[in-house]
Amino acid sequence: MALNDAAKLLGQARHVVVFTGAGISAESGVPTFRDALTGLWSRFDAQSLATPQAFQEDPELVWGWYEWRRRLVQQVRPNHGHLAVARLAAHVPQLTLITQNVDDLHERAGSEAAVHLHGSLFAPRCATCSRPTPSPATPEQPAEGRRIPPPRCAHCGGPVRPGVVWFGEQLPEEALFAAAQAASQCDVLLTVGTSGLVYPAAEIPRLAARSGAAVLQVNPEPTPLDPIATANLRGPAAEILPALVS
Ligand code: BV8
Ligand code: ZN
């Protein structure tokens with residue numbers, strides 16, 4: 001299916017779900033999850049660092065990695081892909097934005113009520129009593145690989161952890177429920193910049209396809225979602241999405 005057919009499909013849709021992964025933020029300069037471990041962290045793989053065990057064993061290393069990522073996100077800007085998603089909401093009767101990303105670029109592009117399946121870099125909380133704690137005002141971009149002691153909770157003194165969902169942790173129930181409900185009711189699901197490898201999030205586009213929705217995939221590379229996609233639009237999000245959304 002060519003780009004203009006996909007654009008027409010979008011334009012006629014009643015309820016569009018936009019499902020995004022790290023690839024939509026790549027052109028803003030945020031490394032994708034698979035590439036998020038550069039430099040000194042390159043000896044780790046994300047799956048071993050993004051776990052409660054890693055934080056347990058070495059809170060300073062893990063907190064330092066998230067602080068580096070948070071500060072990086074604060075210094076970059078949403079790209080034309082994020083902006084096109086925000087514009088799309090005004091062109092369709094109903095749009096549900098579901099993201100696996102922990103950055104705030106969708107919000108800064110003007111999207112409202114993004115469903116964050118994997119939490120956020122901007123919602124740290126106490127690892128002991130779960131009280132939300134303000135993000136520390138780190139003045140400058142910490143050096144890559146720098147270990148930073150996590151702040152202590154003002155209420156109970158426990159260590160503060162990033163407000164993200166780690167491997168082996170449950171996704172926020174209400175987010176997952178809202179995502180599954182939208183996927184089963186939409187008539188078009190646009191999946192952008194995800195490798196479709198991490199569950200249960202990766203189930204969302206598959207659920208939409210099983211429920212009869214058309215699935216449009218935007219990704220420069222093939223992914224395991226190719227076989228369920230009505231159209232595989234090969235290319236970068238910041239180029240393809242603006243062409244899909246007038
Ligand atoms: C759960 C937050 C169970 C953290 C993330 C063994 C032990 C434990 C669990 C498991 C296990 N085996 C399987 C599991 C389940 C596991 C899982 O799925 N593992 C995978 C690896 C097989 N899942 C979990 O653990 C989940 N929890 O299952 O709990 C449970 C049950 C009962 C009781 C208790 C627990 C939790 C998963 C959430 C993990 N947290 N993020 C952080 O950010 O640090 S996931 C992380 O990877 C990202 O958030 C993202 O969601 C995910 C996948 O990354 P993508 O977004 O797809 O990005 P990626 O880099 O992979 O790909 C980028 C894509 O973009 C590529 O396709 C590329 O081609 C494309 N691209 C590049 N440039 C562009 C582009 N596209 C468009 N334009 C461009 N310019
Ligand atoms: Zn606490």
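Reader: By class, how many nonpolar, polar and charged residues does the shell around ligand 1 have?
Author: In this predicted model, the shell holds 17 nonpolar residues, 12 polar ones and five charged ones, where Asp, Glu, Lys and Arg count as charged, Ala, Val, Leu, Ile, Met, Phe, Trp, Tyr, Cys and Pro as nonpolar, and the others, Gly among them, as polar. Local features need pLDDT of at least 70 and side-chain atom pairs pLDDT 80 or more, while totals for chains, interfaces and linings use all residues. Residues are numbered from 1 along each chain as written, chains are lettered from A and ligands numbered from 1 in written order, and side-chain values use heavy atoms, without hydrogens and water.

Reader: OK, and which residues come nearest to ligand 1?
Author: Tyr-66, Val-165, Gly-168, Ser-195 and Tyr-199 come nearest, out of 34 residues around the ligand, each having a heavy atom within 4 Å of it.

Reader: Which atom of Glu-27 lies 2.8 Å from a nitrogen atom of ligand 1?
Author: A polar atom of the Glu-27 side chain does, which makes a polar contact (a pair of N or O atoms within 3.5 Å). A side-chain N or O atom of His-118 is 2.9 Å from an oxygen atom of the ligand, and a backbone N or O atom of Ala-22 is 2.8 Å from a ligand oxygen atom.

Reader: Why does it lie between domain 1 and domain 2?
Author: Ligand 1 lies between domain 1 (1-30 + 78-118 + 170-246) and domain 2 (31-75 + 120-164) because both give residues to its shell.

Reader: New topic: what's the peptide bond between Tyr-199 and Pro-200 like, cis or trans?
Author: The bond joining Tyr-199 and Pro-200 is cis, with omega about -5°, although most peptide bonds are trans.

Reader: And is phi of Ala-113 positive or negative?
Author: Phi of Ala-113 is positive, near 50°, whereas most residues other than glycine have a negative phi.

Key:
Polar contact = N/O pair within 3.5 Å; in protein donor to acceptor, adjacent residues only side chain to side chain. Domains from an automatic or database assignment.
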